[in-house]
Amino acid sequence: MKQADNKNSAVSAVKTAFMYAALIIMAVIMLIPFAWMLSASLKFEKDVFSFPIVWIPPVPQWGNYAEIWKKVPLLTGFFNTTKLTVCTTVLQLVTSSFAAYAFAKLSFKGRDTIFMMYVMTISIPWQVYMVPQYKMMTLFGLTDSHLGIILMHAFTAMGVFLMRQFFIGIPNELLEAARIDGLSEYGIWARLMLPLSKPAIATLCITSFTFEWNDFMGPLIYLSSQKKKTIQLMLRMFNSQYSSNYAQIMAAATVALIPVLILFICLQRYFVEGVASSGIKG
């Protein structure tokens, strides 16, 4: 019996070792493009595509990071992208948590049917309603406007689904006790549900922030004024104007990645917990 237990333990240890080895290999493979981008941003233009690849340049060209601000108005792009991303993320957090609270904790006729129909919109590709949406925004006079993009992205079915899945796990007894104490539904949402939902909020914050920060097609279609363009459009402009200087293009791309990286590092603990507790699968 003891030998069988030892054998099972050895098999389990081998499986665990193989699993961790596979995960490490996959992580390294996924990080290689980012490592190349960072390495290329510190090279001379003539050395970017040299083979074999020199991952650590002998003389790092930090001047590439200074030059990119002079050639393209990246600072304007950063400001516009930050404005759009912060406003949209905050609105999505508010609207998603409101709707999720109603779908998870309030009883009304057709609740589950409405929720299912709303969540089903996730499966509709944006390209299907892109033209009607543009015509509608033109009719409202919201093209070439940050307000138009913010309003279009203020609601997210995925955010409602994620928050609802988390809210369902909060005991109804807590809500009943709060109602007995005199809290309104808005008070319960603000004082009880939100403080208990930090992992789900962090998860939605990261996903929304990342999507909005990296959004390219939306600003490309709706924004035409130079002063309103986002960082992604500035990178495209940089690529068009200085397509031969890949070292500076990689430097600009690296700078554009920093805010998303910082946010993820700050919220990663809540992100993992939120994904696990809400049932979202990759």
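Which residues is Trp213 in contact with, leaving aside its neighbours within four places in sequence? I began with this question, working from a predicted model.

**Entry 1: Trp213 and the cores**

I listed the contacts of Trp213 beyond four places in sequence: Phe78, Thr81, Thr82, Thr85, Ile231, Gln232, Ala256, Pro259 and Val260. I then looked up the largest nonpolar core, which has 29 residues. Trp213 is among the members that touch the most other members, together with Ile68, Val72, Leu74, Ile231, Leu263 and Leu267. The most comes from H13, which gives ten residues. Both domain 1 (1-63) and domain 2 (66-279) are represented in this core, with at least three residues from each. I also noted a second, separate core of 16 residues, including Ala104, Leu175, Ala178 and Ile188.

**Entry 2: the two domains**

I recorded the division of the chain into domain 1 (1-63) and domain 2 (66-279). Their C-alpha centres lie 31 Å apart. To their contact, domain 1 brings 13 residues and domain 2 brings eleven residues. I looked up the area buried between domain 1 and domain 2 and found about 840 Å², with 69% of that given by carbon and sulfur atoms. How many salt bridges are counted between domain 1 and domain 2? The count is zero.

**Entry 3: salt bridges**

I then searched the whole structure, and the search finds four salt bridges. As background, I note that side chains of opposite charge can pair when their charged atoms come close.

I took Glu67 and Lys70 to begin with; their side chains meet in a salt bridge at 3.8 Å, N to O. Because Glu67 and Lys70 are three residues apart in helix H2, about one helical turn separates them. Glu67 is partly exposed, with a relative accessible area of 30%, whereas Lys70 counts as exposed at 65% relative accessibility.

I turned next to Asp112, which forms a salt bridge with Arg111; the closest N and O atoms are 3.3 Å apart. The relative accessible area of Asp112 is 46%, so Asp112 is partly exposed.

I then examined Glu185 and Arg179, whose side chains meet in a salt bridge at 2.8 Å, N to O. Both residues are partly exposed: Glu185 has a relative accessible area of 30%, and Arg179 has one of 26%. Which residues do salt bridges with shared partners join into one network here? I found Glu176, Arg179 and Glu185 in that network.

Is Thr254 buried or exposed? Thr254 has a relative accessible area of 12%, so it is buried. I placed Thr254 in helix H13 (residues 246-278). Not counting residues up to four places away in sequence, Thr254 touches Met37, Leu38, Ser41 and Tyr65.

I looked up Thr89 in the same way and placed it in helix H3. Thr89 counts as buried because its relative accessibility is 5%, under the 20% cut-off for that word. With residues up to four places away in sequence not counted, Thr89 touches Cys205, Ser208 and Phe209.

**Entry 4: annotated spans**

I consulted UniProt, where an unreviewed entry lists residues 17-38, 83-103, 115-134, 146-167, 188-211 and 246-267 under "transmembrane region". I compared two of these spans with the model. Residues 17-38 are 100% helix and 0% strand, with end C-alpha atoms 31 Å apart. Residues 115-134 are 75% helix and 0% strand, and the end C-alpha atoms of this span lie 26 Å apart.

**Entry 5: a backbone angle**

What is the phi of Asp144 near? The phi of Asp144 is near 50°, a positive value in a residue other than glycine. I noted the angle because most residues other than glycine have a negative phi.

Note on methods: Residues are numbered from 1 along each chain as its sequence is written. This is a predicted model: local features need pLDDT of at least 70, side-chain atom pairs count only at pLDDT 80 or more; totals for chains, interfaces and linings use all residues. Side-chain values use heavy atoms; hydrogens and water are left out. Helices (H or I, at least four residues) and strands (E, at least two) are DSSP runs, numbered from the N terminus. Buried means under 20% relative accessible area, exposed over 50%, partly exposed in between (1.4 Å probe, protein chains only). Contact means heavy atoms within 4.5 Å. A nonpolar core is a set of buried Ala, Val, Leu, Ile, Met, Phe, Trp, Tyr and Cys residues joined through side-chain atoms within 4.5 Å. Domain bounds come from an automatic or database domain assignment. UniProt positions are given in the numbering used here, feature names are shortened, and annotations may be inferred rather than shown by experiment. Buried area is the accessible area (1.4 Å probe) that two parts lose on being put together, summed over both.
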